[in-house]
Each structure stands twice: as structure tokens, then as C-alpha cells.
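Good morning, and thank you for joining. I shall present a brief account of one protein chain, and I ask you to keep the sequence and the coordinates in view as I speak.

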Amino acid sequence: MANVEETYDIVVVGAGHAGCEAALAAARMGFETICFTVSMDSVALMPCNPNIGGSSKGHLVREIDALGGEMGKNIDKTFIQSKMLNVSKGPAVHSLRAQADKVEYTKQMKLTMQHQPHLTMRQQEVSELIVDENGHAAGVVTFSGAIYHARAVVLCTGVYLKARCIYGDVVSYTGPNGLMAANHLSDSMAENGISIRRFKTGTPPRIDRMSIDFSKTVEQKGDDRIQPFSFENTEEDITRDQISCWLTYTNQETHDIIKANIDRSPLYSGAINGVGPRYCPSIEDKIMKFPDKDRHQLFIEPEGENTEEMYLDGMSSSMPEDVQFAMVHSVPGLENAKIVRNGYAIEYDCISATDLKHSLEFKAVPGLFSAGQINGSSGYEEAGAQGLMAGINAARLLQGKEAVVLKRSDGYIGVLIDDLVTKETKEPYRMMTSRAEYRLLLRQDNADLRLTEIGHNIGLISDERYKKFCEKREIIDKEIVRLKNTKVGASKEVQAFLLANESTPLRTGVTMADIIKRPEFDYDKVSEIDHERPVTGITREIAEQINISIKYEGYIARERDQVAHFLKMEGKKIPQDIDYSQVKNLRKEARQKLEAVKPDSIGQASRISGVSPADITMLMIYLKA
């Protein structure tokens, strides 16, 4: 019997958040691309939390959009609540978060994929890699025996590789939501020299909205003014009615139930071997590891407009079914709640991302790329960011062009990928603002100013969008120069304005920028005395950029100096054929770590866990000699 045999430029394995971005990027760059999924109903699936963005993750989504990706546009189409987080703090940590209609999010992303020229969608399990005699990725084989030849392959398998779902002593060998697992591909990967390890993540129970007593909870509304994720959208484009979330808390009864049954938890009984995420622990982990806390927040979040299922954010659990019922019923407002779906943990195979280059191409298998949770990360946004870069670099490989690698000073995407490929992650990696050294420069509000030009050069940002971006950038630059050169004297009008706003009167002339720098003022507030201000062209987003640039000028300049030093270290390249055994006075641990990671530069070498400043000095002396 003859098997199906086809040829494409690029194969993408998986259609989750990483796979969608990878496949769309490759197809939009003109390459015939096929994207495989275990189920066409699971394209861009949200098996866990029904939201996009959040602290630091919002930065990633806006960067994806600035480079020409799809996630920001898709959540703008399908959100049911939008909120800017951390607004009481500085602009470096402001992060946009939107609650999604899960079904609609999947539907709209699938339509985008199906309508994309050069992109073919295929429901089939990929079971084997094809690697040619030169060790180069050359396609895949499906479980049915069909052969798909390609010049590059991108693995975006999420949590499906040998997936195992567990709660209590109930084990099902499926992917999330009962979807089919991919049970064969990781064996093929191992046969081709790729090391495999085991991670786990989890999800909370879903409850019936009709059975909740909301009078015992606190309503959480969305923002009155909506900030789009995509720079192509305006507030007016996406404004719609929003749906509330609700806040409640665990209590001592909840904690006692968990403690009394902790021996039945798969996490503590040894039934689960995979390593879970440190920064998104299960409720049983929270209770056992933080015994001093007498309560934990739980957010009751709608899963969509046309469903009564509510997501219990903060109560991820793999406890037995009866314990989950008791836990839920101990929470105020949920005393009579009906559980629609049990919470569960899911174990899956993944790789060590230190086996990858910064381009997300495997060092040992040219033409094979990897993105998303298979790389040991967690989160839809982290997956989407990696998928976009892997798809871009698979296409660039076929173009014969240099890979696009974002540095840590370029964006959160650069921090994310550098952390994954440089620092050995012992648990699922989560992006956080604290991981970004230059976070005042890498704000979510200026992602377009940092990355749109790169996206245009790649070919993912249209000429029309790029033209509008250049106009915006020019307005910002010109207005900042004008404000710094506009003199403000101690006139009666100015002094009255300052006194009316409880600000110190002027003793000598200053610039309009100096007035804006005062804590009590901003760009909008000084318009009353700024008679030369342009009448048109200053949008809310432009005003925000002007304001931040002026108010934080000193801090921004200091951070730019730090970036200059960082780039100097990144510029000190290390030959890939270096023999570390010849570097004198290197400690054994450092030598092993350097040989394993094979850093590109002194800068990257200095970020490897186990490599000390003294080791770096020895390495620099050796390279100089």
C-alpha cells in the first residue's frame, strides 16, 4: 500500500500558541508551510488560564505584535475584559492583561491560519523526524505513515509529548482536555541525539456559574479605557461591553482539608515525577510551602460569553476528586458550587533548551527548530514569542540569511530566549519583569519603537504600517526637541498656573520639559501654558511616549550606558571550535558548563550558571593570547 508523500518548504509540528506564530511567520515570508495538529479543534487552545498578557507577559504580546505576529490582534478580537496591571507603579512594569473568550480565541486564530496563503493545516500526529545523511532535518513522518519532506522543521509540541493527566489516583494518557497525546515523536527525537526530560503543569477545577453565590465575592471590573494589544488597533476599534471577574479567598478550613489529605496528592505520593512551575504552584503546594499564610486569592473568571463555565484561578490542583469537591465548597461563595471539570496535573516530555542556539535551532541537528513549552517554558505568551522567532529563523535559513536574534537589550523576547538557551532551567520557565535588566528601556508601551523596524526588515510588517510607524516616531522626536527648546519665563500666567497646581513658582526661566519633569505635572497638564503645542497629531499613545521620555530622561540615560557595556561584552565573540580544556585555571564545573552551552560571546558565558567572574577573566586572557 502506497503512503501519502508530499514536499513543503517548512513543517511546523503543533498548532498551539507557538505553532500558530511559527507557521504564520513562515508562510507570510513566502514559504510553503504545513502545520500539523492532533486536533483541528485545539488550534491556539487555552487549556489553562483563559487570558492573554499579565505582568511581563503583556510585554511579550506587544513585542510579538511589533514584529508582525498574530497574538495581539487575536486577543483584541476576542477579549471579554481588559485591564492594565501595576498602574500605581512606574511605566516599566505596567502590563496589559485581557480575559479571553476561549472558544472564540481558538475560532478566530484557526480562521486566520486557514485564510493565510502558503499555509496548509493538517490534523495528524507526527511520529518521526526525517534526518538526512548530513544530519540535517529533512521532514517528518506521521503516525499513518505519510511522509512530508521539508528543508526545515519547527517543533511546537506543547505539553502533548507522552502526556499524562493525573488527579488523585486517576491517570489518563491524554493531552489537555482529553485530547490525544503524541506518544511517538520524543522517541524519534532521542534517537537523533536530543535529550528528553519530564516537566509538569496543572489546571484548576471549572465550576458552574449558576451555582456561585457572588454576594460573598468581590467584583473585579475591566478598565473604563481599553488599551489594545496590537499597535494597529485604536481604543475605538476594539471597545465593547466587558464581563466581570470575581475575587474570593481560601481560608483555614480549605487549608485543613488539604493538609489532612496531602498523602493522597500525586505531587506528594510520588505518582508525579515531572518538575512543576515554581511561580505557578498548585494550591496544595502553596498551603504546604507557605504555612504562615492564612488565605490565598482565588479569581473566578468567565471562560467566555456563551458558556457558564468559570475558571478558578489560583486553585490549580491534582488532588483526588472528593478532596477537590471539599476544597471548593469551603471557599466563600462556592459553598454550593457544582464542579464541571476536575483540576488535574499534566506531565509531558520536553527538551533542555541549552541544546539550542539563540535562533532556536538545534545545535546538533541543523534545520530543526524548537519553540514553546517543549523548550521548558510555561505560558501562552512565552510560547507565542518563541514560535514567532523560530518561524522567522526557519524561513531565514531557507533564504540563506543570518538568523534574527534579539539581544537582552532589545526586548523581553531577547531575555526569554537568552535565559532558556543559556541558563539550565530546572523547572518550567516563566517570564517576569525582574528577569529584564533594562526594563525601563523595554517597556510594553514602546515595543513598536523598539521592534517595528526589525519586523519590517524581516518582511512581516507591511509598508503601509511601517509608514504610519515612522510618522509616529517622527512626531515624538520632534515634540521632545520642541519641549526641550521652548523657554518658559516667570510671567504672571505661568506663576498663577504653578500656584494653582501647588507647584513652586519660578525664580528664573526654564524649559517646558523642565516643568513636565516636576512630579505634579505631565505632558497633558501643562498644555494650558504650552501655546506652541501642535493642534493635531498628538494621540494618547504619542503623549505617553513624550511624557515618559522627558520624566525619566536621567534614568533612561543611565540604563543606556549599562546597555553600551553589555553590548561591548556581547561583541567579544568566542570561536565555536574552542577547546576549553586548553584554557588554564578554569574550574572543572565552569569547563563542563561552557562545553555544554557553547556560548557565542563573553557576555553569554558570564550568564551561565556555574561560571564565575574569575572563570570569565581566565577565558578572556586565553582569547586575547
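**Backbone, core and cysteines**

I begin with L360, which sits in the loop that runs between strand 21 (344-351) and strand 22 (368-370). Please bear in mind that this is a predicted model. The phi of L360 is near 75°, a positive value in a residue other than glycine.

A44 is not a glycine, yet its phi is positive, at about 50°. Its place is the loop between strand 3 (33-37) and strand 4 (51-53). A44 has a relative accessible area of 0% and is therefore buried.

Which residues touch the most other members of the largest nonpolar core? They are I10, M113 and L155, in a core of 111 residues. The element that gives the most to this core is helix 11 (residues 380-399), which supplies ten residues.

For L155, the contacts can be named, leaving aside residues up to four places away in sequence. Among them are V13, L129, L185 and M189. Its contacts also include F362, L368, F369, S370, A371 and I374. Another core, of 22 residues, lies apart from the largest one; F214, W246, I257 and V331 are among its members.

Next, the cysteines. How many disulfides does the structure hold? The number is zero. C35 itself is buried, at 0% relative accessibility. C350 is likewise in no disulfide, and the nearest cysteine sulfur, that of C156, is 14 Å away. C350 counts as buried too, with a relative accessible area of 1%.

Finally, I would draw attention to a charged residue. Is E570 buried or exposed? E570 is buried: its relative accessible area is 13%, and the cut-off for a buried residue is under 20%. This glutamate belongs to helix 18 (residues 553-570). Setting aside residues up to four places away in sequence, E570 touches S601, G603, Q604 and R607.

That concludes the presentation, and I welcome your questions.

Methods
Residues are numbered from 1 along each chain as its sequence is written. This is a predicted model: local features need pLDDT of at least 70, side-chain atom pairs count only at pLDDT 80 or more; totals for chains, interfaces and linings use all residues. Side-chain values use heavy atoms; hydrogens and water are left out. Helices (H or I, at least four residues) and strands (E, at least two) are DSSP runs, numbered from the N terminus. Buried means under 20% relative accessible area, exposed over 50%, partly exposed in between (1.4 Å probe, protein chains only). Contact means heavy atoms within 4.5 Å. A disulfide is a pair of cysteine sulfur atoms within 2.5 Å. A nonpolar core is a set of buried Ala, Val, Leu, Ile, Met, Phe, Trp, Tyr and Cys residues joined through side-chain atoms within 4.5 Å.
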